Each structure stands twice: as structure tokens, then as C-alpha cells.
Amino acid sequence: MKFFLLLSFIGFCWAQYDPHTEYGRTAIVHLFEWRWVDIAKECERYLAPNGFGGVQVSPPNENIVVNNPFRPWWERYQPISYKICSRSGNEDEFKDMVTRCNNVGVRIYVDAVINHMCGEGAEAGTSSTCGSYFNPKNRDFPAVPYSGWDFNDGKCKSGSGGIESYNDAAQVRDCRLTGLLDLALEKDYVRTTLANYMNRLIDMGVAGFRLDASKHMWPGDIKAVLDKLHNLNTRWFSQGSRPFIYQEVIDLGGETIKSSEYFGNGRVTEFKYGAKLGTVIRKWNGEKMAYLKNWGEGWGFMPSDRALVFVDNHDNQRGHGAGGSSILTFWDARLYKMAVGFMLAHPYGFTRVMSSYHWPRYFQNGDDINNWVGPPNDNGVTKEVTINADTTCGNDWVCEHRWRQIRNMVAFRNVVNGQPFSNWWDNGSNQVAFGRGNRGFIVFNNDDWSLSTTLQTGLPAGTYCDVISGDKIDGYCTGIKVYVSDDGTAQFSISNSAEDPFIAIHAESKI
């Protein structure tokens with residue numbers, strides 16, 4: 001009996017690290033600023049058939065409305081209440097999306113903004129997505145309700161009331177982040193209010209949460225909220241399943257707050273991943289892909305089973321957040337596909353793919369001053385995600401997850417899941433290759449000259465379709481064919497001028 005209880009306790013402790021994806025699905029996608037009706041369709045028509053495990057959705061709660069022609073993306077991160085009412089849709093549409101996605105095995109993870117409310121400088125009134133009244137100067141949010149008692153104004157010790165030093169952990173967690181009104185998460189009323197919001201989402205079928213601005217909350221306060229959360233809905237999840245938690249903690253080293261402080265609550269976003277990988281793929285600072293042989297913990301990253309990894313996210317693809325100019329995005333499509341391909345082939349961390357929209361870039365002094373622009377819209381109303389005949393997206397939606405190279409690497413990751421990192425090869429420069437046991441093999445040429453060599457793949461003999469240059473359709477390859485010999489070796493040739501200078505084969509791409 002004691003042994004059973006111990007196992008139950010261990011299982012409960014580990015539950016928050018489990019994304020609860022269906023068996024064999026190993027990556028999620030962030031459909032940034034998509035409408036709920038479009039996400040529901042995408043789960044059914046594309047994500048489930050192509051093996052995606054889940055979707056991170058934008059904050060669904062009521063937020064401030066910033067009136068200009070484009071309504072900035074960051075208004076979603078300025079809560080007014082916890083009503084499910086945003087430019088992505090209403091509560092009924094949200095419920096329908098969660099149900100339809102779960103019914104095809106695609107999980108929903110909510111971006112939860114629980115550190116703060118809107119900015120202190122916002123005008124009092126009803127300029128919010130549900131029309132609720134608020135008065136930030138008086139700390140009055142009657143739709144919650146919150147009052148002055150529920151904020152950290154008295155606890156913050158900086159002169160301005162805002163964060164003045166990131167080397168002062170108390171300031172970072174108790175003072176206002178860029179003027180946003182900081183909630184007093186040490187108070188049980190605030191904790192219970194936040195938990196009630198999250199529990200409504202859990203009861204609808206949500207599988208977990210990204211906790212926005214976790215670095216700006218005390219780990220113990222986060223735990224106190226998480227301890228109040230319900231188990232997941234047994235319509236789709238096994239009895240006793242706990243919500244998947246991943247916390248946004250920007251830790252590039254050199255600050256007083258460390259990612260490791262948050263491991264007890266769930267996974268943590270590994271911001272060093274995209275910043276370092278971008279530097280390597282760009283070949284900046286003398287970095288070479290050959291140095292990726294010990295990628296992961298060997299690069300000073302957090303343990304793999306605590307890491308949520310990504311090449312870019314909605315913040316740093318705009319120059320916000322962490323990583324600076326090294327971050328690769330869809331604007332650098334050729335290098336970006338290589339970086340995402342590497343991430344999805346490599347076993348480190350739990351992976352999230354980004355799916356973006358275009359905005360009108362305009363640079364001044366090296367900064368994109370249009371990085372605030374919100375999603376494609378007509379007079380502030382978010383546009384439908386339309387699908388073109390070639391399966392790409394229209395209406396200015398980028399949809400990187402629909403790019404063949406990225407879609408097929410999600411499938412690659414599913415096929416090689418659980419297989420060891422193996423058969424590493426490099427030329428000492430920027431031509432590298434590695435396998436995943438006997439299930440997959442990938443080769444990159446990021447040098448300024450062509451690659452032509454024979455490599456040990458670890459795969460069974462046969463003819464394989466390269467899933468980067470094409471697909472395997474009805475037993476034929478629409479792209480490059482790779483012939484693996486009886487001894488597991490294969491000849492690879494990749495021009496340095498190839499549109500996509502990498503090749504990937506796996507067990508299910510064999511003819």
C-alpha cells in the first residue's frame with residue numbers, strides 16, 4: 001500500500017510536466033492571434049492529420065482595447081477581467097474550439113496573464129473587449145472585482161513603483177513591469193480569483209497553460225495558484241490528470257532570478273535555445289554547426305525534461321523579450337527552416353513551433369518601429385485565416401506550421417520519438433548530420449561550398465524520400481530519393497545554393 005501511495009505521489013508530482021498530447025504526438029504550435037473558429041477548423045483539417053499535439057492560443061480573457069487602425073498585439077496582455085471575450089471570439093466559440101480540437105486529439109494550452117492587469121496610464125472607461133468598466137488609476141476593476149487591496153503598490157520598494165533593477169528579485173516580482181498594475185499574488189483572494197478563471201478553462205477541456213511573465217511572480221505564489229487548480233476534464237483525459245504548466249522565465253544568465261527556481265511548478269521556457277541556435281545558424285561570433293554536437297545541457301541549458309523550446313516566439317520575433325537580432329524568424333525563411341528542422345530532429349526539450357502573421361516592417365536606427373502592429377484585420381476585426389490552393393495561408397497569415405519543411409519535420413519528430421541521439425558527423429565547420437537511433441537521419445549543409453559524402457545513417461537498407469524537398473505520396477517521392485545500403489550508409493549531396501540545404505529521412509518515408 002505504501003509503495004502504491006509513493007507511486008501515486010510521484011505521478012502527481014510529475015504531472016505538470018506532461019503536455020497530455022495523444023501518444024506519438026510530440027510538438028505543439030502557437031497559433032498567435034488566431035480566432036477560435038479558425039483554430040477549430042485547423043485542428044480538424046490540418047493539425048490532427050499531420051500529427052501536431054496541441055495549440056497554444058492567445059489570452060482568451062477580456063483585455064483593454066487600444067484604439068488605432070491596427071490595435072496592437074500587446075493589448076491581449078493587458079487584462080480587464082476574466083470574462084472569455086476577446087478579438088479571437090466569445091466564450092461559446094472558445095468552448096466549441098476546445099471541444100472540436102480535443103475530439104481530434106489536439107490539445108489546447110491557454111496563454112494565462114495572471115501577473116498583472118492593464119497599464120496604470122490607461123484611461124478609465126469601457127474601452128475593453130467586453131465593454132466592462134475599469135479605472136486603473138483607482139485600481140478599480142469591478143468586472144473581476146479587484147480594488148486597491150489586490151495590488152502590490154504598497155509592497156514595491158522602488159522609487160517609481162516600477163522595476164528599476166533586474167538584479168533586485170523583489171523589485172522584479174513586486175513592482176510594475178512596464179507600468180502594468182502588479183497583482184498581489186500573496187493574497188488568497190487574488191490566488192482564488194485567478195484559480196477560478198483557470199478552472200473554468202480546465203473544465204471546458206483545456207490541457208494546460210503558458211504562464212505569462214512568470215519571472216515577475218514569486219515561485220511560491222505561482223504554486224499556491226496551481227495547487228487550487230482542478231484535474232483535467234475526464235471526457236478527454238485520464239482520471240487525476242493535472243494541467244500541463246510551462247512558465248515564461250527569461251533567463252539568459254547574468255540576472256539574479258534563475259529558471260531553476262521555477263522547476264517545481266512545471267516546465268520553463270528556455271530562451272537561451274533560440275538565441276544560441278540563431279547565432280550558430282547565422283555563423284556569427286565564430287560559431288559553427290559542428291559545435292552543436294553536445295547541444296542541450298552541454299550548452300548550459302536547463303534539463304531537457306524541464307525545458308519548453310522554440311526557435312522564436314511572438315515577443316522576440318519582433319525584437320522584444322530575449323535574444324536580440326540573433327533570433328531567426330519567418331523573415332529569414334531559408335535559415336529559419338534549417339533552425340526549426342534542427343530543433344524538431346534533436347531530442348532536447350519539448351518543442352513549440354511558431355505560426356505568425358505579416359506586419360508592415362519599417363526600420364529606424366535598426367529597430368522595427370511597426371513591431372507593435374496587431375493581427376491582419378478589417379477596421380480592428382481580425383481577419384479569417386484563409387487557405388490557398390497550395391495549402392499556404394492567405395490574408396497576411398504566415399502559417400509557418402503549414403510550410404512543407406516544418407510540417408514534415410513535426411512528423412519526423414513523431415517518428416523518432418524515444419530514439420537516442422546517434423551517428424553524429426561533422427566536417428569541423430557547418431556541415432553536420434545526426435540520427436535518431438534506427439528511425440531517422442538528417443544532414444545539414446550551412447557552409448559556402450557543396451557537401452558530397454557517404455554517411456552512416458543507422459537506418460535499414462532501402463529507398464527513402466527526403467521529406468524536406470518533397471513528400472512520399474502513394475509510394476513515390478516528389479523530391480529527392482536517398483538510397484541506404486545494407487551497411488546503413490548513404491550518399492548525400494547538398495549544394496550550398498539549395499533552396500533548403502538539408503535532407504531528412506525517416507522510417508515512414510521509406511518507399
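User: What is the volume of the largest cavity, and what makes a space a cavity?

Analyst: The largest cavity has a volume of about 60 Å³. A space is called a cavity because a 1.4 Å probe fits at its points, on a 1 Å grid over the protein atoms alone, but cannot get out. Points are joined across faces, edges and corners, and the volume is the space filled by probe spheres set on them. This is a predicted model, where local features need pLDDT of at least 70, side-chain atom pairs count only at pLDDT 80 or more, and totals for chains, interfaces and linings use all residues. Residues are numbered from 1 along each chain as its sequence is written, and side-chain values use heavy atoms, without hydrogens and water.

User: What makes a residue part of the lining, and which ones are closest to the centre of the largest cavity?

Analyst: A lining residue has an atom within 4 Å of a point. For the largest cavity 14 residues do this, and Asn152, Arg173, Leu183, Leu185 and Asp221 are the closest to its centre. By class, that lining has 5 nonpolar, 3 polar and 6 charged residues.

User: What makes a residue nonpolar, charged or polar?

Analyst: The residue type decides. Ala, Val, Leu, Ile, Met, Phe, Trp, Tyr, Cys and Pro count as nonpolar, Asp, Glu, Lys and Arg as charged, and the others, Gly among them, as polar. The second largest cavity shows this in use. Its lining includes Phe151, Asp153 and Gly161. By the class list, Phe is nonpolar, Asp is charged and Gly is polar. The whole lining divides into 4 nonpolar, 2 polar and 5 charged residues. This cavity holds about 40 Å³ of space.

User: How is a pocket told apart from a cavity, and how much space lies in the largest pocket?

Analyst: A pocket is an open set of points, with protein on both sides within 12 Å along at least five of seven lines. The largest pocket holds about 630 Å³. It is lined by 24 residues, and Leu177, Thr178, Glu248, Asp315 and Gly321 lie nearest its centre. Its lining has 9 nonpolar, 9 polar and 6 charged residues.

User: Why does Glu33 count as buried?

Analyst: Buried means under 20% relative accessible area, exposed means over 50%, and partly exposed lies in between (1.4 Å probe, protein chains only). Glu33 has 1% relative accessibility, so it counts as buried. Glu33 sits in the loop between β1 (27-31) and α2 (36-47). Its phi is near 70 degrees, a positive value in a residue other than glycine.

User: Why is Asp396 called partly exposed?

Analyst: Its relative accessibility is 46%, so Asp396 counts as partly exposed. Asp396 has a positive phi too, about 75 degrees, and is not a glycine. Its loop runs between β17 (381-382) and α9 (404-416).

User: What makes a stretch a helix or a strand, and where is Leu335?

Analyst: Helices (H or I, at least four residues) and strands (E, at least two) are DSSP runs, numbered from the N terminus. Leu335 is in helix α8 (residues 333-345). At 22% relative accessibility, Leu335 counts as partly exposed.

User: What makes two residues a contact, and which ones does Leu335 touch?

Analyst: A contact needs heavy atoms within 4.5 Å. Leaving aside neighbours within four places in sequence, Leu335 is in contact with Ile281, Arg282, Leu328 and Asn446. Leu335 and Arg282 are 53 residues apart in sequence, and 7.5 Å apart in space, C-alpha to C-alpha.

User: How do you know that two strands pair, and how many bridges join β20 and β27?

Analyst: Two strands pair if DSSP finds at least two bridges between them. Strand β20 (residues 440-445) and β27 have 5 bridges, in the antiparallel sense. Phe441 has Ile505 in β27 as its bridge partner, and Val443 stands opposite Ile503 in β27.

User: What is the order of the strands in this open sheet, and why do β18 and β27 stand at the edges?

Analyst: The 4 strands run β18-β19-β20-β27, with antiparallel pairing. β18 (421-426) and β27 (502-506) each have a single partner strand, so one side of each is left without a neighbour in the sheet.

User: What makes β27 mostly covered?

Analyst: In β27, 5 of its 5 residues are buried. Phe502, Ala504 and His506 point one way, Ile503 and Ile505 the other way. In a regular strand the side chains alternate between the two faces of the sheet.
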